[in-house]
Amino acid sequence: MSGTLLSLENLQAMRRHLRGIPVSDAPVLPGIPELALAYCHNLLAGTPLRRNVRALADFVARGVVPARLLGCDRVDPDLLEPPGPRRGRFERTARRGARSAGDDIVVSDPGPVRDADAGAGASRGADAADDSDGGEARVRRRVRTQRRRPRDRDGDDATDPYDLTTRQLCRVIRAHLRAIEPVPVPRPPDPLRRNLQIIADAVGLSDVDTAIVQFLVVLHHARPVPLLANMLDTARVFDAAYVVSVAIQADVDDVVAALAPESRLVDTGIVTIDDDEEYELQDKFELKEGIAELAVDRDLTPDILFDRFFSLAPEPTLTIADFEHLSEQVALVRRLLSRALRAGERGINVLFCGPTGTGKTELARAIAADIGVPLYAVGCTDEDGDSASPGERLSSLRMAQRLLPDERALVLFDELEDLFEWREPMFGGRRPVARTSMSKKWFNDLLETNRIPTLWITNRAEGIDPAFLRRFAYAIEFGALDARCRARILARHINEDDRITEDDLVATATRFDVNAALYETAVRSARIASDDGRVDRDTLERCLEPLTTLVTGKSPADDVSFDPRTYDVDAACADTDLRKLADRLANWQPTGRHGLTLCLFGPPGTGKSGFARYLAHRMGRPVEYRRASDILSMWVGETEKAIKAIFRRAADSRAVLLLDEVDSFLRSRDFALQRWEVSHCNEFLQQLESYRGVVACTTNLWRDLDPAVVRRFLFKIEFKWLRPPQAAALFARHFRDILDHPLDDRALAAVERDLARLPRLAPGDFAVVARRYRALGVRADRDQLVAELELEHRIKPAARTAAGFR
């Protein structure tokens, strides 16, 4: 019996027989078959396989592993022990195995069955005969299977393993395994040898580390190796490490040390260890995705290896100046990262959290560019260009912390929330829960010991374990960009010869609260659609409207935008000089604990919201506009959360918070019928008391407001019906393009006399009549327009007693 039981030919035959993954399609990967042959030989020679002889014998008996591939197709009779009296189970198994291998089967009658089985067998045979439509009866008996035995070189019959009992076959296989001696693992040819050296040099692997990686590469490409390895006891990590040491012919202590949690292989993410007892060897020690393919790549270079797992982030399209609303936080982060890089501090992590499109990634790029260091993005895609799994992304991060040069650099880890599984609250829960399969201690250690400062980006942080969050050195929570920032972003895509002014940019940016990518897309579309390639405001906004609706789910046409070119503050009638008040408040800045609060009350259409927008324009602030429908919720507790969120959003963007029709949720608590009505008012009072920004609330029913709410407004301004001169001025302005004849001074005086008979006119009435005629596309004379205003006046309720706060 030869000591070498396997050959390259036999290995390839086993591969075909098992219908496993081929070593390779044409051409065969250089070096893989020879290495697989040596690993299989050593696994057969190793002690662990001898403890699994019975499982291997069962594989042979069932035809899964042909006996000839183990060298057992010729059996020495001296190895056999007398067969036992009962051989039924194995013989039936062997019969199926022989059939699966395509052998000729000879079934012989072993003689009379025992009395105990005769009656049952005859009964079953009779039943089968009745069901076979006249076919031969299938009598179930204990049978012995035989292959047509090959003859040896001398012409004598050789004992066939399929004629053996399980015990005899185990004895034969055990004897053959004892005859095997381990063989040295051959040195692989190029490109495998060269690529393994590139990986080892990049990561700093030892000879044992490289041998382990080489074994795992072969385990990935050669199916017979894991088939044989999985027959061994690899449930525990130590047992699996022992199997690897047998295959690569290394000391088991060295292999265990090389696969320890603090080892270079594990620390860099090249190998991931899973101690789940259900996993087989190739899952117990999992090679980082992409390494097995790179190891046999004929064109692999250090740069290709580097770019495969992390790449240089693109240049920023924004600057730090574009994040003026976060200027204090950005300045602090810049100082933190600069000094940490200079001092070589470990465990520096900064978290950027906020909704999609708020500029988190752009700010990370802008900070790196401002500091003057490269920013490397890790774990973006796998080798197929698809999104990498959470485990692969973390593995790439760990590798980046090892492979990146010692020069000053930053690491970017985007979409942190992908590492968690989010479970939304149920049964009254307030917070979602973020669960993860990674070790809590392992992730904490990663945040505390990372060598290169890392910027983490997420769209949501609510529900993440506080033990993770408290290990971040700093965090910035992003809100929406204010209108001035959006206008600067939009201006970057506008050329000097475009037909769009600075006021147009501000107005468009105020109306369309979208991200920079959407602005760029809309400008490009508007430029292509233009006849002369020049962008104008009308075409740009028509391109932005459908895109904004698709992305945000909200039509911008629903928002009331402010145009300073058409607004006249003198057209509104109030008990306060609105122009003088706006002049005084234009440069207001918070100086104490309290902010600037205004209550604008009066009949509908008298210009309350318009003045709030005008005041925001004079102060250079955006408007955060909210209706009652944006706040009220059918779920208990959700309205309070919405109130808190709008105040926080307005504070982040330094916006004027404009709440329309606040009487919908701020009615007097004395008339509350439900407890949640009281909690709505309480939450608003708490937020208003601590808010240091500008809040303007409008209402038509000021008497219904809770007295505690009214008391907290610094300015209470009543808007009234128009005086006749104001009404005449609005008549001339709104109907300029509708009148069939322009108005001279005499005609304007006549209009003023006619409108004096209508004491309850508001600016909104003129706007409604003008929109009506523009929709019809017709012109009208002065008397017709006065008659339309009389109709609007007539449908209003009778005048009430004078309103106001006394």
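Ala321 is exposed, with a relative accessible area of 54%, where exposed means over 50%, buried under 20% and partly exposed in between, computed with a 1.4 Å probe on protein chains only. The place of Ala321 is in the loop between β5 (310-312) and α17 (327-343), and its C-alpha atom is separated by 8.9 Å from that of Cys485, a residue 164 positions away along the chain. The model is predicted, and for that reason local features need pLDDT of at least 70 and side-chain atom pairs count only at pLDDT 80 or more, while totals for chains, interfaces and linings use all residues. Residues are numbered from 1 along each chain as its sequence is written, and side-chain values use heavy atoms, with hydrogens and water left out.

**The protein as a whole**

- The protein has 34 helices and 18 strands, these being DSSP runs numbered from the N terminus, with helices (H or I) of at least four residues and strands (E) of at least two.
- Of the 806 residues of the protein, 46% count as buried.
- Among contacts in the protein with a separation of 6 or more, 79% are accounted for by residues 24 or more positions apart, where contact means heavy atoms within 4.5 Å.

**Packing of α8 and α9**

- Two packed helices are described by the angle between their axes and the distance between the axes.
- Helix α8 (residues 192-203) packs with helix α9 (residues 207-221) at an angle of about 130°, their axes being 10 Å apart; axes are lines fitted to C-alpha atoms, for helices over the stretch in contact, and angles run from 0 to 180 degrees between N-to-C directions.
- That angle makes α8 oblique to α9, since angles under 35 degrees count as roughly parallel, over 145 as roughly antiparallel, 65 to 115 as roughly perpendicular and the rest as oblique.
- On the α8 side the contact is made by Leu192, Leu196 and Ala200, and on the α9 side by Thr210, Val213, Gln214 and Val217.
- The residues of this contact of α8 with α9 divide into five nonpolar, two polar and no charged, with Ala, Val, Leu, Ile, Met, Phe, Trp, Tyr, Cys and Pro counted as nonpolar, Asp, Glu, Lys and Arg as charged, and the others, Gly among them, as polar.

**Packing of α32 and α34**

- Helix α32 (residues 745-755) and helix α34 (residues 782-794) pack at an angle of about 25°, with 11 Å between their axes, and α32 and α34 are therefore roughly parallel to each other.
- The crossing in which α32 passes α34 is right-handed.
- From α32, Ala747, Ala750, Val751, Asp754 and Leu755 meet Arg782, Val786 and Leu789 of α34, and the residues of this contact divide into six nonpolar, no polar and two charged.

**Two buried residues**

- Leu666 is placed in the loop between β16 (656-659) and α29 (675-690), and with a relative accessible area of 0% it is buried.
- Not counting residues up to four places away in sequence, Leu666 touches Cys681, Phe684, Asp704, Leu705, Asp706 and Val709; the C-alpha atoms of Leu666 and Leu705, which are 39 residues apart along the chain, are separated by 5.7 Å.
- Glu541, in helix α25 (residues 537-552), counts as buried at 10% relative accessibility.
- Leaving aside its neighbours within four places in sequence, Glu541 is in contact with Thr508, Arg511 and Phe512.

**Backbone geometry**

- Most residues other than glycine have a negative phi, and most peptide bonds are trans.
- The peptide bond from Asp190 to Pro191 is cis, with omega near 5°, and Pro191 lies in the loop between α7 (166-178) and α8.
- Glu415, although not a glycine, has a positive phi of about 55°; Glu415 lies in the loop between β8 (410-413) and β9 (421-423) and counts as partly exposed at 30% relative accessibility.
- Glu661, a residue other than glycine, has a positive phi near 55°; Glu661 lies in the loop between β16 and α29 and counts as partly exposed at 28% relative accessibility.

Notes:
Left-handed = near helix turned anticlockwise from the far one by under 90°.
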